[in-house]
Amino acid sequence: MYIIIAGGGKVGYYLAEELLRSNNEVLVIESDAQRAAFLSEALSADVLHGDACEVATLDAAGISRADLVAAVTGDDEDNLVICEIARLRNVPRTIARVNNPRNEELFKRRGIETTVSATQAILAQIEQELPTADVIPLLQLQSGLELVELRLPDTSPVVGRSVREVLLPPESLICLVVDPGGVPRIPSGDTRLHAGDALVVVTRREALEMLREAVVGTAHGLDT
């Protein structure tokens, strides 16, 4: 694959290193001249000094033949612009680093489905340790889908029901049931749900509140 990385900070540097190890063709765009010179010496990749928010810079980087553009600068606005230019140049896949998790929804509204937020990832790990968290984000998928874990309290409206009896939001699917002892099961329609079970569900992000109400039955816990 030919991959353009916009942003030559620590994230861009280590990302380029790993991608090069996998025998990908990589080009890094860095706006700071001194940093660009360092990257050129440290990496076995092409490094372009320039502003990745400018169309001319991305064209010079060969964006027309790129398989993927990863916008990993420290500025969310820049990452959004870079991904939008990449989409206009018909790049098959874009990935954006989101520094402020509150901006994730903006990226998705602009059609950039694949985002990576370190803050959100750390928050998800913390939520797994909190007994009050009833919906835990696990993974963001393409096309606006998200993988979440829901813990069933004693008061859950689905306790005692079978999987086929649970009314989920549209385009939602229970993929896994983990009992209180940590034993996972791939559910069938007849699988009975119990208090303390954890359900791993694929759903749309906009349906999370509906899913919480249907499965957990309360609105307590941290927002996702």
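Modeller: Helices (H or I, at least four residues) and strands (E, at least two) are DSSP runs, numbered from the N terminus. The model is predicted, so local features need pLDDT of at least 70 and side-chain atom pairs 80 or more, while totals for chains, interfaces and linings use all residues. Residues are numbered from 1 along each chain as its sequence is written, and side-chain values use heavy atoms, without hydrogens and water.

Colleague: How many helices and strands does the protein have?

Modeller: One of the helices is H4, residues 76–88, and one of the strands is S7, residues 135–140. The secondary structure comes to seven helices and 11 strands.

Colleague: What does Leu138 count as at 36% relative accessibility?

Modeller: Leu138 is found in strand S7. Because its relative accessibility is 36%, Leu138 counts as partly exposed.

Colleague: Which strands stand at the edges of the open sheet?

Modeller: Five strands form the open sheet, in the order S7-S8-S11-S9-S10, with antiparallel pairing (at least two DSSP bridges between two strands). An edge strand has a single partner strand, so one side of it is left without a neighbour in the sheet. The strands at the edges are S7 and S10.

Colleague: In S11, which residue is the bridge partner of Leu150?

Modeller: Strand S8 covers residues 145–151 and strand S11 covers residues 198–204. The two pair in the antiparallel sense over seven bridges. Across this pairing, the partner of Leu150 is Leu199.

Colleague: And in S11, which residue is the bridge partner of Ile174?

Modeller: Strand S9, residues 173–178, also pairs with S11 in the antiparallel sense, over five bridges. There the partner of Ile174 is Val201.

Colleague: What is the phi of Gly182 in the turn?

Modeller: S9 and S10 run antiparallel and are joined by two bridges, with Val178 opposite Pro184 in S10. These strands form a hairpin with five residues between them. Gly182 is in the turn, and its phi is positive, about 90°.

Colleague: What share of the residues in the protein is buried?

Modeller: Of the 224 residues in the protein, the buried share is 43%.

Conventions. Buried < 20%, exposed > 50% of the residue type's maximum accessible area, 1.4 Å probe, protein only.
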